[in-house]
Amino acid sequence: MESIKKACEERMNKTLSALKEEFAALRTGRASPALLDRLRIDYYGQKSPISQVATISVPEARLIVIQPWDKALIVEIEKAIQKSELGLNPSNDGKVIRISIPPLTEQRRKELVKSAKASAESSRVGIRNIRRDSLEDLKKAGFSEDENKKAEEELQKTTDSFIVLINKVLEEKEKEILEV
């Protein structure tokens with residue numbers, strides 16, 4: 001019974017972590033190195049994250065500076081940023097790439113909040129599906145009715161706590177997106 005609960009909690013934690021990663025990549029009005037986490041560039045035949053081939057810093061609230069370790073990568077990094085759906089325009093001086101983060105329009109903020117809510121909802125659905133799978137595993141395990149009932153209640157409490165965490169993460173992201 002404990003192993004089922006533990007496996008359930010681990011899967012729920014992964015779902016929550018995935019949501020946090022997704023939110024980190026959502027562009028708000030603030031500069032953040034996490035915006036570039038999903039971008040990959042071709043580095044000696046390997047698709048590598050920008051953070052593994054360059055130093056990424058945020059010297060100001062609306063500026064990201066990327067300093068590649070290999071100057072030949074500047075063009076590759078610039079192309080990857082332009083092709084991404086982030087809507088950013090990088091500029092380089094031959095040594096570093098600067099990305100100025102423009103302020104978000106009201107309409108874009110609303111779109112981002114809508115997207116964040118959709119992601120949070122799919123995470124909540126994922127959490128409920130994990131609970132359902134765990135309940136099925138409990139039934140297959142052949143515990144007594146009393147043990148099953150107790151385990152079901154514990155799984156429900158775990159599910160509820162993860163739903164609350166997802167709502168909290170969403171609320172924080174909404175505040176971040178809507179602040180001007």
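Contact here means heavy atoms within 4.5 Å. All views show a predicted model.

**View 1. Helix α1 packs alongside helix α4.** Two packed helices are described by the angle between their axes and the distance between the axes. The axes of α1 (residues 2–24) and α4 (residues 145–178) come within 11 Å. They cross at roughly 10 degrees. Angles under 35 degrees count as roughly parallel, so α1 is roughly parallel to α4. From α1, the contact residues are K5, C8, E9, M12, N13, L16, L19, K20 and F23. They meet E154, L155, T158, T159, F162, L165, I166, V169, L170 and K173 of α4. By class, this contact has eleven nonpolar, three polar and five charged residues.

**View 2. Surroundings of F23.** Neighbours within four places in sequence are left aside here. F23 is then in contact with A116, S119, A120, V169, L170 and K173.

**View 3. The largest nonpolar core.** This core has 23 residues. M12, F23, L26, A116, I127, I166 and I177 have the most contacts inside it. Helices α1, α3 (106–141) and α4 each supply at least two of the core's residues. The largest share, eight residues, comes from α4.

**View 4. S48 in strand β2.** S48 lies in β2, which spans residues 46–49. Is S48 buried or exposed? Buried means under 20% relative accessible area. S48 has 9%, so S48 is buried. Leaving aside neighbours within four places in sequence, S48 is in contact with L39, R40, I41, Y43 and V53.

Technical notes
Residues numbered from 1 in each chain as written. Predicted model: local features only at pLDDT ≥ 70, side-chain atom pairs only at ≥ 80, totals over all residues. Heavy atoms only, no water. Axes fitted to C-alpha atoms, helices over the stretch in contact; angles between N-to-C directions. Helix = DSSP H or I, 4+ residues; strand = E, 2+ residues; numbered from the N terminus. Parallel < 35°, antiparallel > 145°, perpendicular 65-115°, else oblique. Nonpolar A, V, L, I, M, F, W, Y, C, P; charged D, E, K, R; others polar. Buried < 20%, exposed > 50% of the residue type's maximum accessible area, 1.4 Å probe, protein only. Core = buried A, V, L, I, M, F, W, Y, C linked by side-chain atoms within 4.5 Å.
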